[in-house]
Amino acid sequence: MFPYPSGRIHMGHVRNYTIGDVFARYYRQQGFNVLHPIGWDSFGMPAENAAIKHGVHPKKWTYENIDYMRKELASLGLSFSQEREFATSDPLYTKFEQGFIIDMFERGLLYRKKGSLNWCPHDQTVLANEQVIEGRCWRCDTEVVQRDMYQYYLRISDYAQELLDDLASLEGLWPKQVLTMQENWIGRSSGLAFTLHFDESSRQKLGGAFEGFEVFTTRPDTIYGVTYAAIAPEHEIVSRLMESGALDDASVAAITAMKNTGAVDRQKHKQGVSLGVHVTHPLTKKRIPVWVANFVLMGYGSGAVMAVPAHDERDFDFAAQYGLDVVRVIAPLEGAAKEDTAFTDVGVLFDSGDFSGLRSDAAKEAVIAHFESQGLGKRVVNFRLKDWGLSRQRYWGAPMPFIHCPTCGIVPESKANLPVALPEDVQITGEGNPLDHHPTWKFCTCPKCGAAAQRETDTMDTFVQSSWYFLRYCSKERDVAFTPDELGYWMNVDHYIGGIEHAILHLLYARFFTKVLRDLGYVTCKEPFERLLTQGMVLKDGAKMSKSKGNTVDPDALIEKYGADTARLFILFAAPPTQELEWNDSAVEGAWRFLRRFAERSDMAYATQSIPLIDHGALSKNEQTARKKVYEALVRSQEVFTQRYTFNTMIAGVMEAMNALNDQSNSDVWTEGYWILLHIMEPIVPHLCWELSERLFTCKNLSSVTVREEVFVVDTITLGVSVNGKNRAEIEVGADEAQEAIIAKAKEAVARWIEGKEIHKEIVVPRKLVNLVIKG
């Protein structure tokens, strides 16, 4: 995942990009043509905030940061492509992106409407639901409020079922946690939708503007237990009552406060206001009061629910809080339900008309069938996932390529005029959108009728740029974003590496964008990323590194003191890549000492153009053990790269091999060992391995290496010998030695512990141990 050019790299960058570089170097060794690119996610609010704070233009701040961070990443020895780097704020990237957006608009996949939106007062911009974390802005942590305004939306909801279904193709390739998070965020639910009609007095109170409202339920089996209806604070019926003066000032104030509370926080503490209107139960014809409830969201279903407090915990708590009726209509299969809580398990219906006596799971289908046969309602599928709001009211982003014409309405800019570029002569004060205040930029002519018109001043959510950048990596063309041949050669992304915090933002949007571009005829793949590795955070003193906590480690200082290879070795050896990594200064020192010894002991190998040919059977036991450990490290490295990604165990295998090499002095074994160990370690510590490989082997060892199976064939094995379960000795036996001979050798080795004792049992565990059980 490409970085935001914030100005300096941090240890999270070091970990992420070292892991990617290790993969790239390994696959080059195996003879693959590897595309290992880097780019910059360069639009966004921090550049504007820097402009406000330091008086520097966002473009200048951004591209100076890119230049500095490029040098920092290069100092780590990261083998990025030198020909495919770009920033998403580059005019050429914006040109292609705006073209895609126009295509989506013309296909009906992008539309504009007015709605109640998440507004960050600090960043002065709209946020998508996914960007509101516990009621606060994901970037600046400011409390989010609701604001009614126009916004452009992408119809991601049209792809909800496909996004859900295609998660199955990623099982075993993506972390299960990410798949679960996406499944929950998409949130498919099946149930019954029907209309609750207002009684006559309520219709009059609403000025005849509404006959009723639609509700959705996943529990149609509880229909006879409905005692109230709840609608979202943003519902148009609520707005009508507020505007008409039908509600008192206290009720209006309470509803306004609900609307300005984020969706997550609204679920924490239940609040409600009685609207003083009633609807009629569709089956019993009883009057049902209508309430505003903060837990009902406009983004789910119709923004209204039927409430059954006897069989829904949320509805029960709300009813208890406001003294509303609780009517039980489902009994447990065994025993009795508790009176002080909702019964939500499978049970048997009672007091439910013709449905009484049915199990609740069967009754769901029966009730839906009845509603459909009587024309009262219908079966529907709902998704939690709602359309993606793209509009941002800020300067440093890709302009929306639309024009507002008083005659033609919203008109896309002509593709021949793309990109619609940002003006550079702007004043950024933090108050509103600078594009709105620019004296000339927004004034233009309509490309359709030629009349005077105005450009759209909204810019795009930066997640748009990160939703297709990986496709642009595949091409160096300047006339088109990419060609079918290029995408056919490179896509899908084989290994995608980044933090799990992107599970339901970037990763979901990128999957969606890929499917849209497929339907527009640009790509053929339906999923962008083959394998996903989510690396853990880097911690220090038990907490995530941050400047505010004073627990950061400067990568530049680390590289200056110990070198890039030490930083790379530590970051990969300290923990498996998917787990959190606790910073440890002494472990960094240990990594540096190991590399120093590794370099020094290379003097035991001699220069050669080919790997030595060794008669394994003629070697001593220590020499054979050393070869075996070297080849075990090679086999482990191949398994790590293709299966487990536990680079720490691979490095441990190399350290074990070095210890075994140190127990012998055969120069052929040392030379073969370094031929292989330098090959294994080159992706991890490339600078040292290339220098030593060049000196000893003119780098011929850095291509593919073959495992020699003879090193794993042993003539003798060592067995432990125990007496009554206590280890007493070791014996060396032939690999195919008979059990009687093995027992005889074992008795001889432990003679002093069994002398004069009766052996009750002789146990031989093949290739492991002998246990003699004695009496007395």
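Helix 1 and helix 18 are roughly perpendicular to each other, a label given to angles of 65 to 115 degrees. Their axes come within 10 Å and cross at roughly 90°; the axes are lines fitted to C-alpha atoms, for helices over the stretch in contact, and angles run from 0 to 180 degrees between N-to-C directions. The model is a predicted one, in which local features need pLDDT of at least 70 and side-chain atom pairs count only at pLDDT 80 or more, while totals for chains, interfaces and linings use all residues. Residues are numbered from 1 along each chain as its sequence is written, and side-chain values use heavy atoms, without hydrogens and water.

Helix 1 covers residues 11-29. From this helix, Met11, Arg15, Thr18, Ile19, Asp21, Val22 and Arg25 meet Arg568, Ile571 and Leu572 of helix 18, a contact being heavy atoms within 4.5 Å. By class, the contact of helix 1 with helix 18 has 5 nonpolar, 1 polar and 4 charged residues. Here Ala, Val, Leu, Ile, Met, Phe, Trp, Tyr, Cys and Pro count as nonpolar, Asp, Glu, Lys and Arg as charged, and the others, Gly among them, as polar.

Helix 18 (residues 564-573) also packs with helix 23 (residues 686-697), at an angle of about 120° and with the axes 7 Å apart. That angle makes helix 18 oblique to helix 23. On the helix 18 side, Ala564, Asp565 and Arg568 meet Pro686, His687 and Leu688 of helix 23. This contact has 3 nonpolar, 1 polar and 2 charged residues.

Turning to the whole chain, the secondary structure comes to 25 helices and 30 strands, taken as DSSP runs numbered from the N terminus (helices H or I, at least four residues; strands E, at least two). The C-alpha trace spans about 105 × 75 × 50 Å along its principal axes. Of the 776 residues, 53% count as buried, meaning under 20% relative accessible area, with exposed over 50% and partly exposed in between (1.4 Å probe, protein chains only). Among contacts with a separation of 6 or more, 70% join residues 24 or more positions apart.

Asp315 belongs to helix 11 (residues 313-322). Leaving aside residues up to four places away in sequence, Asp315 touches Tyr228, Phe295, Met306, Ala307, Val308 and Pro309.

A cis peptide bond, with omega about 5°, joins Leu418 and Pro419, and Pro419 lies in the loop between strand 18 (409-412) and helix 13 (434-437). The bond from Met491 to Asn492 is also cis, with omega near 5°; Asn492 is in the loop between helix 15 (484-490) and strand 22 (493-498). Cys699 is not a glycine, yet has a positive phi of about 65°. This residue sits in the loop between helix 23 and strand 27 (716-723) and is buried, with a relative accessible area of 15%. Asn724, likewise not a glycine, has a positive phi of about 50°. Asn724 is placed in the loop between strand 27 and strand 28 (726-734) and is partly exposed at 41%.

Key
Parallel < 35°, antiparallel > 145°, perpendicular 65-115°, else oblique.
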